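Please read these notes with the model open beside you.

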Amino acid sequence: MKLFSRLLNIAVMLACVSFIVAAQSADATVKQLSDLPKIKQALDHLKVTEPETIAEQIKACEIPAPTFLEAKRGEWFKQRFIELGLKNVRVDKIGNVLGERPGKSNSTMLVLAAHLDTVFPEGTDVKVKREGREGSILKGPGIGDDCRGLAVILAVVRALNQAKIETDGTIIFVANVGEEGLGDLRGVRHLFNEELKGRATHFISVDGIGLDVTNTAVGVVRYRATFRGPGGHSYGAFGLPSPIHAMGRAIEKISRFEVPKQPKTTFNVGKIEGGTSVNSIAHTSWMEVDMRSVSAAELDKLEAQFKRAVQDSVDEENRTRPNASPIAVELKMVSQRPAGVQPADSPIVKTALAAGASLGFNPKLGAGSTDSNIPISLKIPAITIDGGGDGKGAHSLDEFFDTTNSHLGTQWALLIALGIVGVK
Ligand SMILES: [Zn+2]
């Protein structure tokens, strides 16, 4: 039976059939792909060389890369891309590292990306420690998010090369900057607005640990509101409007906002500061506010409501103290990530699910704010997938990565990528 299917596969290879997702169901495509000897070879290679993948994960992670300071880790990546034989290896204007593996046709251009940056500031100890039985647990800041994703994309290139797989479409491998926090997806934004504008047809970000798919892009908008007034002595200058009092009014209004449970929409005043002493009417105060929704329309509504609440609070405070110089507020948007959904029945999601099933697991679909937000908002098929393994503590100094069966993550990424670009 095995021999027969092997012969059949060779016949299929000789016929030089290329599989393209659109032509048939994702399940059938993935099934045909995973039966091809070369692909089996690549999958086996990934399993056997998982220790190598883990070694690269550690190596990448021990090069500090806070958001906006990713250059050193990027340089290491550029070197690896060159060593792995990728074409047109380059660092773009914003710091993304790109390397291409050209296909036989221009049918598709898949971007397979992982983010370089971490939430940890300069000076953080990024040494990775091995713990647990036979050192199967890796402990270190960023080890899962996203050193895992970075290692996975390198492993995929290695396996494609080792099994000499020629793809139909092109894969562009990217180690991108600016995913975290105030990086605000600047790396991927730049890819789609400039570097690869109008060229990329599909996008996959490998981000973090586990074996699930993020297909819902949670939209985020963040503001810093700065209130300013004349300020003065709490007793002597009593009667002046207070930036802190105005901000208090605003926070009270915001706390009473009503938002839908579905589509999930949230708000939070996360940070406040202001004033100089207990016996001074403050001359400044500020707050930072985070608003999110999976619905772009709900997020717009919430944002408008927030702006109104802030302005109304300033007006109220000024009205209460009519005979003094008024206070004013400045609103600055500090972060914005578009919302959207990659539908569960779209080929890219179905391919990810089928690839998982063929490897023996069933990925769950979920929501998050990731690099895929950008292409999803541009209607370019995109998902974010986990990089395999297990663990906890993303964005904390106690982050750890459990390597048990982590090769499934690299195998999964490879199969999905091939399901999208097709094999010659
Ligand atoms: Zn991440």
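1. Strand 4 and strand 5 (residues 137–139) pair in the antiparallel sense over three bridges, where two strands pair if DSSP finds at least two bridges between them. Within this pairing, Glu 131 has Ile 137 of strand 5 as its bridge partner. Strands (E, at least two residues) and helices (H or I, at least four residues) are DSSP runs, numbered from the N terminus.

2. This is a predicted model, in which local features need pLDDT of at least 70 and side-chain atom pairs count only at pLDDT 80 or more, while totals for chains, interfaces and linings use all residues. Residues are numbered from 1 along each chain as its sequence is written.

3. The open sheet is formed by four strands in the order 4-5-19-18, with antiparallel pairing. Strand 4 (129–131) and strand 18 (390–392) stand at the edges, each with a single partner strand, so one side of each has no neighbour in the sheet.

4. Helix 8 (residues 243–255) and helix 9 (residues 296–320) pack at an angle of about 140 degrees, their axes being 8 Å apart; axes are lines fitted to C-alpha atoms, for helices over the stretch in contact, and angles run from 0 to 180 degrees between N-to-C directions. The two helices are therefore oblique to each other, a word for angles that are not under 35 degrees (roughly parallel), over 145 (roughly antiparallel) or 65 to 115 (roughly perpendicular).

5. Among the residues making the contact are His 245 and Arg 249 of helix 8 and Phe 306 and Asp 312 of helix 9, contact meaning that C-beta atoms, placed from the backbone, lie within 7 Å.

Key
Two residues are in contact if their C-beta atoms, placed from the backbone, lie within 7 Å.
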